[in-house]
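I opened my notebook on this one to see how its pieces pack. Here is what I looked up, in the order I went.

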Amino acid sequence: ELHESRVNAASSLADSILDTIKAQELPYAVFTVELQDVPMSAKGRDEVVFKFSSTGRNAVDVSKCASGGEMSRIMLALKYMMARYVNMPTMIFDEIDTGVSGSVADKMGSIICQMGTYMQVFAITHLPQVAAKGNAHYLVSKSVDSDKAVSTIHRLGDEERVMEIARMLSGSTVTDAAVSNAKALLAQ
């Protein structure tokens with residue numbers, strides 16, 4: 001029964017994941033879910049293998065071919081499916097956007113926000129395009145106090161949000177251009 005359920009779900013799962021992958025600027029990508037026979041165990045008689053190609057040719061085991069940025073997009077697509085179909089109250093992302101930037105980061109931020117319609121989402125990021133999509137922003141900082149590391153978290157107000165996004169954009173010296181850009185990102 002488990003094998004038959006997997007066979008019936010594999011194609012539609014792959015198609016749904018592929019839609020989200022393509023939406024993240026991989027228009028020629030191929031993603032398949034294949035079942036390979038393995039000796040019977042408590043997990044059934046199948047090994048589930050995700051195959052991927054960013055070019056549309058020769059899909060192979062995702063662990064053998066995906067770059068860091070491609071892996072981030074695939075993981076987000078998998079988590080997006082989980083958000084829609086698994087009744088989880090909260091999801092926490094710790095730099096799921098590793099290896100991407102620019103317009104891909106913007107698209108990933110939008111997908112993460114869509115997930116927020118199904119559950120509560122916390123996203124730890126260093127990308128302003130992703131951070132700007134959030135409804136609330138918290139700044140986490142760490143200090144060392146007499147041989148002990150202390151982490152603090154502070155919810156940012158509206159102006160603090162602008163300044164933090166501007167800092168992410170420009171680094172140690174926050175410029176007027178970065179502040180203007182931060183305001184534009186937050187307004188989208």
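**Helix packing, then the sheet**

Helices here are DSSP runs of H or I with at least four residues, strands are runs of E with at least two, and both are numbered from the N terminus.

A note on provenance: this is a predicted model, where local features need pLDDT of at least 70, side-chain atom pairs count only at pLDDT 80 or more, and totals for chains, interfaces and linings use all residues. Residues are numbered from 1 along each chain as its sequence is written, and side-chain values use heavy atoms, leaving out hydrogens and water.

Next I looked up the geometry: helix 1 and helix 3 (residues 68-85) pack at about 125 degrees, with axes 9 Å apart (axes are lines fitted to C-alpha atoms, for helices over the stretch in contact; angles run from 0 to 180 degrees between N-to-C directions).

Who makes the contact (heavy atoms within 4.5 Å)? I found Leu 13, Ser 16, Ile 17, Thr 20 and Ile 21 on helix 1, facing Arg 73, Ile 74, Ala 77, Leu 78, Tyr 80 and Met 81 on helix 3.

Then I turned to the sheet: three strands form an open one, ordered 1-2-3, with antiparallel pairing (two strands pair if DSSP finds at least two bridges between them). Strand 1 (30-41) and strand 3 (60-61) are at the edges with a single partner strand each, so one side of each has no neighbour in the sheet.

Strand 1 pairs with strand 2 (residues 44-53) over nine bridges, in the antiparallel sense. I also noted that Leu 35 has Val 48 in strand 2 as its bridge partner. Last entry: helix 1 (residues 2-22) packs on the sheet, touching strand 1 and strand 2, and its direction makes about 155 degrees with that of strand 1.

Notes:
Contact means heavy atoms within 4.5 Å.
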